[in-house]
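Trainee: I would like to learn how to read the features of a protein model. Could you walk me through some of them?

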Amino acid sequence: MIEDEDEGSDDPNLHLELNTFRAQWMSELKLSSGASGLSGRLLRAKGLKRPQDIAREEKATELFLRAVQEEQNGAVYEAIKFYRMAMQLVPDIEFKINYSRPPDTDRGGGNYMDNNVDGEIEDLLSYFEEELTLESSFPKICTPELDLTQMHISALPSEILMYVFRWVVSSDLDMRALEQLSLVCRGFYICARDPEIWHLACLRVWGRNCTKLVPFKSWREMFLQRPRVRYDGVYISKTSYIRQGEASLDGFYRAWHHVECYRYLRFFPDGHVVMLNTPEDPLLVVPRLRTKNIRMDSVLLGHFRLSQETDNQTKVFAVCKKMEKATEFQRNRYSRRNPPPPEAEHSFHVGLHLCSGGRQTFSKLVWIHHSCHITYKPTGETVITPFDLDSMYTPFFFARVKSYTAFSKQPL
C-alpha cells in the first residue's frame, strides 16, 4: 500500500528539475576544474610559483638553514633531523638556497658576498688583509680558538713568526710545506705570501739572473712558473736492453740476458748534483740520495747550472767527477808507501733539456749531450770523448720523495 502511494506520488516536473540541476552542477564542476588546471599551466609557463609552493620552499629553507647552524655547533644528530625534514618538503632545496651571510656585528665585517656577486674572490690576499683590519684596530696574525693557559703563537711578534716560516721552508726550499701552512688560517695565508720569502727562494734558484721581476707579477709567480729543477725528489731514468750471453760448452744453445739499469740525478739548492748509474732498484737507492755524502761506488758528484737559451728553452748543464773515498785517503796518509796519484782525471759533462711531462711541471729531462773529459796531469792535455745518444739514453722523470724535506737543518 505504501509502495503504491510512492509510485503514485511521482511528479514528472520534479524529475525534470532534478535532471536540470544535475546537468548544471556537472557543467560548473567541469569549468572550475578546467580553469584551475589552465591557471596552473599558465603559472608554470610563466615561471611563477603558486602560493602553496612558495610557502613550502620557505619552510624548507628555514629548516635547512637551521640544520646548517646545528651542524656548525656540533649537534650532528639534530642537523640530520632538520636536513631530512627540509628535503622531504623540497628534495633539491640545497641548490635553491643563497648562502650569503647576514651582517655579523661581532666580527665587524659586512656581507660575505658583497664584493663579488659570483661568489669568487679574485684577490684573496687583499680580502684577508681587509677582514683582519676591520675586525680590530690592532690586528693579530691569528687568534686562539679555545681558552689557553699557555702562551699562544699569536702572541709572537711578526718578525719571529716570519723567522719560523723561513725554518719551514728551510734551505731545501720546501715551498710545498709553506703552501700547506697557509691553509691553517687567514693570518698564516698572509704570512705565506710574504714577498721576501719568495724573493729569497728565487735567489737560491737563479742567483743573479732573477734581479728583474718582469714579466711576472710577483716573486711567487716567478718561482712557480719559471722553469727550474726540483729539489724535493730525484730524477730517474730507466734503461733496458737485451745482451747476448756466452755459448754453452757443447755449443747447443746461447743465453740471452734482459738487462735493466737506472740513472739517478739528485739536485741540491746549493748547486751540487749527484749522478749515479746502477742496476739496483729505486726502493734501495732513493733513500741513500738524501744527502751528498753517499757511500756507494760509481757515485759522481759535481755542479750544475741553468741556462736560458734564445729559443726559450731551459737547459741544465752539469759536470761530475768520481768521489774520493775518505777511508782510502786516511789509510794512505799514514802508510809508508803511498800509491802514486792517478795520472789522469776523468770528468763527465752532461747536457739536458728541462721540460714538463704529464701533470707535473719541470718533471722531465731529455738528453742533449754526454761526454767524458780525460785530463792528463803531467802534460795538461785533455781528451774529449763524446757518447752517442741512442735509445739507451732514455729521459729522466721526476719522483717526489717526502723524506728529503722531512727535516730542516737551517732556515732559508
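Predicted model: local features only at pLDDT ≥ 70, side-chain atom pairs only at ≥ 80, totals over all residues.

Trainee: How is a pair of aromatic rings described?

Mentor: By the distance between the two centres and the angle between the two planes. Take phenylalanine 267 and phenylalanine 304: their ring centres are 4.9 Å apart and their planes make an angle of 75°, an edge-to-face pair.

Trainee: Where in the chain do phenylalanine 267 and phenylalanine 304 lie?

Mentor: Phenylalanine 267 belongs to strand 2 (residues 254–267) and phenylalanine 304 to strand 4 (residues 299–308), so the pair links distant parts of the chain, 37 residues apart.

Trainee: Is phenylalanine 267 buried or exposed? And what about phenylalanine 304?

Mentor: The cut-off to keep in mind is that buried means under 20% relative accessible area. Phenylalanine 267 has 1%, so it is buried. Phenylalanine 304 is buried too, at 13%. Both rings also belong to a cluster, where ring pairs link Phe267 and Phe304 with Tyr235 and Phe398.

**Charges over rings**

Trainee: Which ring has the charged end of lysine 292 over it?

Mentor: That of phenylalanine 268, with the charged end 4.9 Å from the ring centre. In another case, arginine 193 lies over the face of tyrosine 189, 4.3 Å from the centre of the ring.

Trainee: Which residues does threonine 314 touch?

Mentor: Leaving out residues up to four places away in sequence, its contacts are Pro227, Leu306, Ser307, Gln308, Leu352, His353 and Leu354. Threonine 314 sits in strand 5 (residues 314–322) and is buried, because its relative accessible area is 4%.

Trainee: Which residues make the nonpolar surface patch of about 420 Å²?

Mentor: Met151, Ile153, Leu156, Ile160 and Val164 make the patch. Look at valine 164, in helix 6 (residues 158–169): its relative accessible area is 36%, so it counts as partly exposed.

Conventions
Residues numbered from 1 in each chain as written. Heavy atoms only, no water. Patch = residues over 30% accessible without salt bridge, like charges linked within 9 Å, V, L, I, M, F, W, Y side chains within 5 Å. Areas by Shrake-Rupley, 256 points an atom, 1.4 Å probe, with all protein chains shown as cover. Salt bridge = Lys/Arg side-chain N within 4 Å of Asp/Glu carboxyl O. Helix = DSSP H or I, 4+ residues; strand = E, 2+ residues; numbered from the N terminus. Buried < 20%, exposed > 50% of the residue type's maximum accessible area, 1.4 Å probe, protein only. Phe/Tyr/Trp six-rings, centres within 6.5 Å; stacked < 30°, edge-to-face > 60°. Lys NZ or Arg CZ within 6 Å of the ring centre and 35° of its normal. Contact = heavy atoms within 4.5 Å.
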